[in-house]
Amino acid sequence: MIKDAILIAGGVLILMPLFYVMSNAPFNLYTLTAYMALLIPTLAALVNGAPFVPTPMGAVEKMLKVSKIKKGDKVYDIGCGDGRVVYLAANKHEANATGFELSPFVFIFAKIRQLLWRSKAKIQFANFKHKNLSDADIIFCYLLPETLLKLEPKLSKELKPGARIISYAFPIASWEEVKKHPRDAKQNIAPIWEYVKQ
Ligand SMILES: C[S@@+](CC[C@H](N)C(=O)[O-])C[C@H]1O[C@@H](n2cnc3c(N)ncnc32)[C@H](O)[C@@H]1O
């Protein structure tokens, strides 16, 4: 917690002057508040979960396929980035899909992309750590290994038996997977880890 706060504070100290230089904005309470409001959650997303790295579309298709998603399933992408997983889940599979995104820039980007996708999926500007996931049929994630490890008690506590977790690239180290779909270098698809809550 203290380590996270130090990292975020360090990031703000380094990036804030850059913001001012690049935007040529006057230094006052309004610009300072606005930049803080943008910078702190962005850095918090990085420190708390994972940086924004979108899953290649081929891998998104594969994640949805291995999840055995079906119409009406309650689906979450915890750290949804530009929303591609939930948009495809809603548009192609008619799932009831929601994505949580903590970084404001990425959240705005996802909302813009939603117009292009014309998707009914919901995107919430939220920290997934504070969201109740108990009604999930499927959880999708692409998060750092340490984040997945910290998330495991929440998943164990909240998820209903039979809920599926599809993790891109990294495993939940303390859980035994149902299946590991190996890396497909030709298609640029990292391993996909499939879990079922017991
Ligand atoms: C590696 S990207 C994956 C994006 C998307 N799921 C995909 O597969 O294309 C991880 C995303 O999670 C977001 N994130 C990290 N920690 C988060 C948190 N605690 N709550 C919500 N979003 C978070 C980051 O801002 C980033 O956009």
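Helices are DSSP runs of H or I of at least four residues, and strands are E runs of at least two, both numbered from the N terminus.

## Basis

This is a predicted model: local features need pLDDT of at least 70, side-chain atom pairs count only at pLDDT 80 or more, and totals for chains, interfaces and linings use all residues. Residues are numbered from 1 along each chain as its sequence is written.

Ala, Val, Leu, Ile, Met, Phe, Trp, Tyr, Cys and Pro count as nonpolar; Asp, Glu, Lys and Arg count as charged; the others, Gly among them, count as polar.

## Fold and dimensions

The protein chain has 6 helices and 7 strands. Along the sequence they run α-α-α-β-α-β-α-β-β-α-β-β-β. The radius of gyration is 18 Å, close to the 16 Å that the globule rule gives for 198 residues, so the chain is as compact as a globular protein of that length. That radius is taken over C-alpha atoms; the rule is 2.2 Å times the number of residues to the power 0.38.

The C-alpha atoms fill a box of roughly 55 × 40 × 35 Å along the principal axes. Of the 198 residues, 36% count as buried. Buried means 20 or more other C-beta atoms within 10 Å of the residue's own, exposed means 12 or fewer, and partly exposed lies in between, with C-beta atoms placed from the backbone.

Among contacts between residues at least 6 apart in sequence, 68% join residues at least 24 apart. A contact needs C-beta atoms, placed from the backbone, within 7 Å.

## Two domains

The domain assignment gives domain 1 (2-48) and domain 2 (57-196). Such bounds come from an automatic or database assignment. The domain centres, taken over C-alpha atoms, are 28 Å apart. Their contact takes 6 residues from domain 1 and 4 residues from domain 2. On the domain 1 side, 4 are nonpolar, 2 polar and none charged.

## Positive phi

E94 is not a glycine, yet its phi is near 55°. E94 sits in the loop between α4 and β2. E94 is partly exposed, with 14 other C-beta atoms within 10 Å.

R118, also not a glycine, has a positive phi of about 50°. R118 lies in the loop between α5 (104-117) and β3 (122-125). R118 is exposed, with 9 other C-beta atoms within 10 Å.

Notes:
Two residues are in contact if their C-beta atoms, placed from the backbone, lie within 7 Å.
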